[in-house]
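I opened the model to look up how its chains are built and how they meet. My entries follow in the order in which I made them.

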Amino acid sequence: MNLFRRLSNSFDHGVHPRHHKEQTEHLAIQRLPFGKRFVIPLGQHIGAPAKAIVQAGDTVKRGQMVAEPGGFVSVALHSPVTGRVTDIGPERYADGTFREAIVIEADQYDTQQMDVNPIDWESLSIEDFINEVQKAGIVGMGGAAFPCHVKYAIPDGQKIRYLLINGAECEPYLTNDHRQMVEQTDALLYGAEIVRQKLGAEEIVIGVERNKPDAIKALQDAIKPGQPARVMPLEVKYPQGAEKMLIKSVFDIEVPAGKLPRDVEVAVNNVGTIIAIADYFQTGKPLIERVVTVSGPGVSYPANLIVPLGTPIREVLDYAGGLTEETRQVVLGGPMMGASIADLDAPMLKGSSGVLALTEHETGRPQEYNCIRCGRCVEACPYFLNPARFARLAKSRMYEEMAETYNVMDCVECGCCTYSCPSGIPIVQHIRTAKDHLRSMKGKVK
Amino acid sequence: MTQRDPKLLIQPGPQLRQQMTTPVVMRDVWYALAPATLAGVWFFGMGALLVLLTCIAAAVLTEWCFSPEEKRRYFLGDGSAILTGWLLGLTLPPALPLWMAFIGGAVAIGMGKTIWGGMGGNLFNPALVGRAFLLATFPIAMTTWTSPGDFFTIPASVFAMPLMHGVVDTVTQASPLGLMKFEHTSTGFIDLLFGNTSGSLGETSGLLLILGGLYLWWRRDLDWRIPVGILATAMAFSLVLFMMDSGKYPGPIFTALSGGMMLGAIFMATDPVTSPLTPRGTWIFAVGIGLLVVLIRVFGGFPEGMMYAILLMNATTPLIDRYTQPRVFGRGLDTK
């Protein structure tokens, strides 16, 4: 089994959902026209929220910093348009809550040119480089929105041998990374080279699932002789793009539980993140827009779009022809780990890789039956946990046993167990409940 | 929200689900059992069909009686009660009085499943619990095997009434396993393979049962490790015995094809509820059954041991599960 997995470049377990990428994988990236009103939530990344440095009434330029990092694990925010700050206060967030945000009204008569300059990255020290990345507001663009520069702060005594670029894009429907690899190949390799040199890594490895042959070919053609970079085609399987799964697939290394990729001398970055870094150092443009896949059976004209951050989700959907009558659910991100959207007027965020409109066919839930212990979840879990046991223990609220005997805290909530369950048990939800409970208990003990 | 928005649903991910549901799994097992069942009915006649239908009716009726009214639709809708009755029917002698079959079906669901908390909670295979009950209660009727006969002739014993001594008018014939155990006579492999021997309704045609198993494996409803493990172990063990004394002990092929071996290995032991969850545990479970079957058959008091072998290993399932947890990703590594 292991030999077979090695030969096909993959990790063990996982699931094979239909990838549905045919709707958008051959569509060139288009630019979404600027709207009128942009909402920039201050806490849209993991870590401390950013601190606003503008006030209501201020005029701002496109690309101008409007909020500074609120700590080390935090990034800056920039205005996506030239316009005027109208308000700083609670605004609708994608999950239905209200969060502190900066509201910017676009200047309808401005040309939206940016007044920015390239940055000479070669002369920067590693500390300055980390500061620049933080100042550029760059976070992991795969969905988690983890501040990117934190990964580059390598403690003394550790080194990075490989820069691993995550082009797996294992979530069904999404093709934003795919199109960027095809259309912005040079920017990707340039950005990768910047990060590789700054981290002192020996080699760049780009992991791409085999269902993107054009991206694999484009990258292989674009790698210059002498550049220490290679493309690694990977088996099409979910969650191939999960950081630790990807490291296992590419290098056959298991990152120990509770450790980070850097502990095995690897740094992992998403394709979109690397291109954002390349853009910043090549032109000076901070992270003010991102590529988003708008897809699913609920939109008439699926597309890959460059979306200015802070644009309402509704405008993105309208550009794709609006929602059809059959739409039951709109998801921000991929259909496996993304979240349902409560309000279409919520803004697009740095971590929003896709907007998917799903119909009854995809979102219908089967009747929940008792667990028949078929073991499909056990054979799906890429972490080799025992989801069936979790579901049963969680129903009896035996959270401590879940943590102590069955390592529930190792779960990354990829959703393979729930996906594969024939009894329709929302296993991953039980796990989330348990983890939340355990975290809050831990807080009380301290 | 404006008027033109469709009503949006908020639900936790993953949004996508695979299409296989428990009722579909159960229905797959029906399809897999159908050929062997039809063959059994063809060989043993209408009487056997009546026994089978009585078991299913009793199982469904019991499930209906014991399920809460609001959940009845789902409890019955998953199709598992029909399957339990069906599997029980396949393990019974074809000329068993119907009232006994009815009790068997009721016990299978009532004592095999409902008192454990219903679907998924039971420790032992419900169909085999029903059969074990019948074997302990009606030992003579349960070991009266008829030879395959005319399709339309229904043995009178089928309609025997409770507490009456029915006139046994059928052509009784020892099962291949009985012949082997008490007379050391083997039965032809071809007859065993196609099912033209005496025995219970479903345990006769090895070939059709294997076909059903292959279908389930192809549909990914079946853990292939269990039948493979059981058959390999039982055959290897009996080969060792056979080489020690070929006159006294059955050969490996006879072991694999006779009695309830195929039915048990493919359809009973693989019941997910009562077999281990973990891949390693599944192997232990299968090997345990394989060893026990041959031990009981060769050295025990009964000619057939499949039922007790499975029930015994069912009892060890929670223990096996506990000690065969797979190594969690990123744990238990040699840390530098």
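I took contact to mean heavy atoms within 4.5 Å. On that basis, of the contacts in chain B between residues at least 6 apart in sequence, 77% join residues at least 24 apart.

Ground rules. The model is predicted, so I kept local features to pLDDT of at least 70 and side-chain atom pairs to pLDDT 80 or more, while totals for chains, interfaces and linings use all residues. Residues are numbered from 1 along each chain as its sequence is written, chains are lettered from A and ligands numbered from 1 in the order written, and side-chain values use heavy atoms, with hydrogens and water left out.

Chain B overall. I counted 15 helices and zero strands in chain B; these are DSSP runs numbered from the N terminus, helices (H or I) having at least four residues and strands (E) at least two. Of the 336 residues in chain B, 56% are buried (buried is under 20% relative accessible area, exposed over 50%, partly exposed in between, with a 1.4 Å probe and protein chains only).

Thr37(B). I found Thr37(B) in helix H1 (residues 22-44) of chain B. Is Thr37(B) buried or exposed? Thr37(B) is buried, because its relative accessible area is 6%. Beyond its neighbours within four places in sequence, Thr37(B) is in contact with Leu52(B), Trp86(B) and Leu90(B). The Thr37(B) side chain also reaches the backbone oxygen of Leu33(B) at 2.7 Å.

His13(A). I located His13(A) in the loop between helix H1 (2-7) and strand E1 (29-31) of chain A. His13(A) counts as buried at 15% relative accessibility. Its side chain reaches the backbone oxygen of Cys381(A) at 2.8 Å. His13(A) and Cys377(A) are 364 residues apart along the chain, yet their C-alpha atoms are separated by 9.5 Å.

Interface. I looked up how chain B and chain A meet: 47 residues of chain B are in contact with 66 residues of chain A. The two chains bury about 5100 Å² between them, 54% of it on carbon and sulfur atoms (buried area is the accessible area, with a 1.4 Å probe, that two parts lose on being put together, summed over both). The rule finds six salt bridges across this interface, a salt bridge being a side-chain nitrogen of Lys or Arg within 4 Å of a carboxyl oxygen of Asp or Glu. One salt bridge joins Asp321(B) to Arg373(A), with the closest N and O atoms 3.0 Å apart. On the side of chain B that touches chain A, the elements giving two or more residues are H1 and helix H15 (306-323) of chain B.

Another salt bridge between the chains. Asp221(B) and Arg376(A) meet in a salt bridge at 3.1 Å, N to O. Asp221(B) sits in the loop between helix H10 (206-218) and helix H11 (225-244) of chain B, and Arg376(A) in helix H11 (residues 376-380) of chain A. Asp221(B) is buried, with a relative accessible area of 16%.

Salt bridges within chain A. I searched the whole structure and got 31 salt bridges over all chains. Arg37(A) and Glu91(A) form a salt bridge at 3.1 Å, N to O. Arg37(A) lies in strand E2 (residues 37-41) and Glu91(A) in strand E7 (residues 83-92) of chain A, so this pair ties together parts 54 residues apart in sequence. Arg37(A) is partly exposed at 38% relative accessible area, whereas Glu91(A) is buried at 15%.

Note on methods:
Polar contact = N/O pair within 3.5 Å; in protein donor to acceptor, adjacent residues only side chain to side chain.
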